[in-house]
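Subject: A structure to look through, with notes

Hello,

Here is the structure I promised to pass on to you. Please open it beside this message and follow the notes one part at a time.

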Amino acid sequence: MSEIHKGLAGVVVDTTTISKVNPETNSLLYRGYPVQELAARCSFEEVAYLLWYGELPTPEQRAEFETLERSLRHLDPVVKRIVDELPTTAHPMDVLRTAVSAIGAADPHADDSSRDGNLRKSTALLAQIPSIIAYDQRRRRDEDLVEPRDDLGYSANFLHMTFGELPDLVVVNAFDVSMILYAEHSFNASTFTARVITSTLSDLYSAVTGAIGALKGPLHGGANEAVMHIFDEIGGVDAVDPWLEVALGQKRKIMGFGHRVYKNGDSRVPTMKAALDTLITEYDRPDLLAIYDRLEAGMLAAKNLKPNLDYPSGPAYHLMGFDTQFFTPLFVAARITGWTAHIMEQLESNALIRPLSEYVGPEQREVSASETLD
Ligand code: ACO
């Protein structure tokens, strides 16, 4: 019997220069820079550039990159028509997955897997995913599309396209921080999915479409949406303890807690919690903070489990005004940077990813005459 690594837990499958997760020191580095410092000092556009090019941009490189990103924000009419055809009962992650696949189908150079070709496609997806998400939320509210503005940075434009008005700086900053924190996290399930698809020499759009599917699950990106459902289910701070007792008694997984790699707390949580605190003050919502703190304390006492990034980001996106179903698409908007950086890295020294399995079914046998159909 071979040694089985269920869920590939603890298995190192390749090297990477993109990010380093260190659970012992509770740190996360993007290309060597602590993510907390990047969140404090850089914009999301600069972090996207860093992930793709390996270095932070010079002022000239930043200006050129921003100009390019802003020029690519408009949706192809084909893509908009396809989104229009999809029912509003569809989950926004399914709409986004379909729209990204449609962008690929509409791109005559979809199979250009050169680094320049993949950088072009990655920048276009970075620019257009916000346009899809904003449009999808607006059409569900019977609101018209708001066209992108090229005089606004990434986060301000995203919020403007979604809500139709210029956002407060506090909200722009909190949103930008969330994008930076969600951008990259080594060989997580969706990134690994993208690398597996890329390893067959399939195209970047196929890899991203598959990654969106992997991110949708509640054990991965879907948890930020699930966290908000839990807050709604609990209702008020006095209900937290009895709710938790029942939920754990039913062996429910409490979304937003625990992590496969971090066992002593997720390195990104303090920064996102600080951003959430600014929103709680801005919108005067101590009731939300009370539930947050009480559930966190309850999970520590009952299960010795700490929150992951999805725990503070769920209520943060709620306060910004996003509908709950759109929280995981926001994760996609950020993680497109990490996924595509990994797709390009995989292609630099590709090997088909094809693990083995231990067969434990019946031994070889023959189909008997009575089982054979005429
Ligand atoms: N609530 C309740 N119990 C939990 C939780 C949780 N959130 N997380 C882990 N546990 C318990 C498990 O029930 C298990 O207990 P047992 O040994 O008594 O059966 C033990 O802790 C180990 O859990 P596993 O699921 O085996 O640990 P794993 O490393 O595979 O799980 C995971 C990591 C999937 C993230 C898990 O903690 C979980 O399901 N959390 C909730 C979903 C979530 O928040 N996902 C977001 C991940 S981070 C991100 O995508 C940004």
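Before anything else, one definition: a residue is called buried if 20 or more other C-beta atoms lie within 10 Å of its own, exposed if 12 or fewer do, and partly exposed in between, with the C-beta atoms placed from the backbone. By that count Val227 is buried, because it has 29 C-beta neighbours inside 10 Å.

Please keep in mind that this is a predicted model, in which local features need a pLDDT of at least 70 and side-chain atom pairs count only at pLDDT 80 or more, while totals for chains, interfaces and linings use all residues. Residues are numbered from 1 along each chain as its sequence is written. The pLDDT is the predictor's confidence in each residue, from 0 to 100; the protein chain averages 96, and 99% of the residues score at least 70. For the complex, the predictor gives an ipTM of 0.96 and a pTM of 0.96.

The ligand

Which residues come nearest to the ligand? Of the 17 residues around it, these are Ala223, Ile254, Phe257, Gly258 and Arg260, where a residue counts as near if its C-beta atom, placed from the backbone, lies within 6 Å of the molecule. Sorted by class, the shell holds seven nonpolar, six polar and four charged residues. In this sorting Ala, Val, Leu, Ile, Met, Phe, Trp, Tyr, Cys and Pro count as nonpolar, Asp, Glu, Lys and Arg as charged, and the others, Gly among them, as polar.

Helix H12 and its surroundings

Helices (H or I, at least four residues) and strands (E, at least two) are DSSP runs, numbered from the N terminus. In helix H12, which covers residues 240–249, Val240, Trp243 and Leu244 are buried. Seen down the axis of H12, these buried residues fall within an arc of 95°, so they line one face of the helix; the arc is that of the directions from the helix axis to the C-beta atoms. On the other side of H12, Pro242, Glu245, Val246 and Gly249 are exposed. The buried residues of H12 pack against helix H11 (223–234) and helix H14 (286–303), and just after H12, Lys251 takes a positive phi of about 60°.

Val227, with which these notes began, lies in helix H11. Leaving aside its neighbours within four places in sequence, Val227 is in contact with Met255, Gly256, Asp310, Tyr311 and Gly314, two residues being in contact if their C-beta atoms, placed from the backbone, lie within 7 Å.

The nonpolar core

A nonpolar core is a set of buried Ala, Val, Leu, Ile, Met, Phe, Trp, Tyr and Cys residues joined through C-beta atoms within 7 Å. The largest one here has 92 residues, and those with the most contacts inside it are Val47, Leu51, Leu96, Ala99, Ile180, Val208 and Leu330. Helix H16 (residues 327–348) supplies the largest share of this core, 10 residues.

Two of these residues can be followed further. Leu96, apart from its neighbours within four places in sequence, is in contact with Ile132, Ile133, Ile212, Pro329 and Val332. Ile180 lies in helix H8 (residues 169–182) and is buried, because 28 C-beta neighbours are inside 10 Å; with the same exclusion of sequence neighbours, its contacts are Val35, Leu38, Ala39, Phe44 and Val47.

A buried charged residue

Glu69 has its place in helix H3 (residues 59–71). Is Glu69 buried or exposed? It counts as buried, because there are 21 C-beta neighbours inside 10 Å. Beyond its neighbours within four places in sequence, Glu69 is in contact with Glu45, Thr123, Leu126, Ala127 and Tyr154.

Two loops with a positive phi

Most residues other than glycine have a negative phi. Asn26, in the loop between strand E1 (19–22) and strand E2 (27–30), has a positive phi of about 50° although it is not a glycine, and with 16 C-beta neighbours inside 10 Å it counts as partly exposed. Asp142, in the loop between helix H6 (115–140) and helix H7 (154–163), also has a positive phi, near 55°, but it counts as exposed, because it has 7 C-beta neighbours inside 10 Å.

With best wishes
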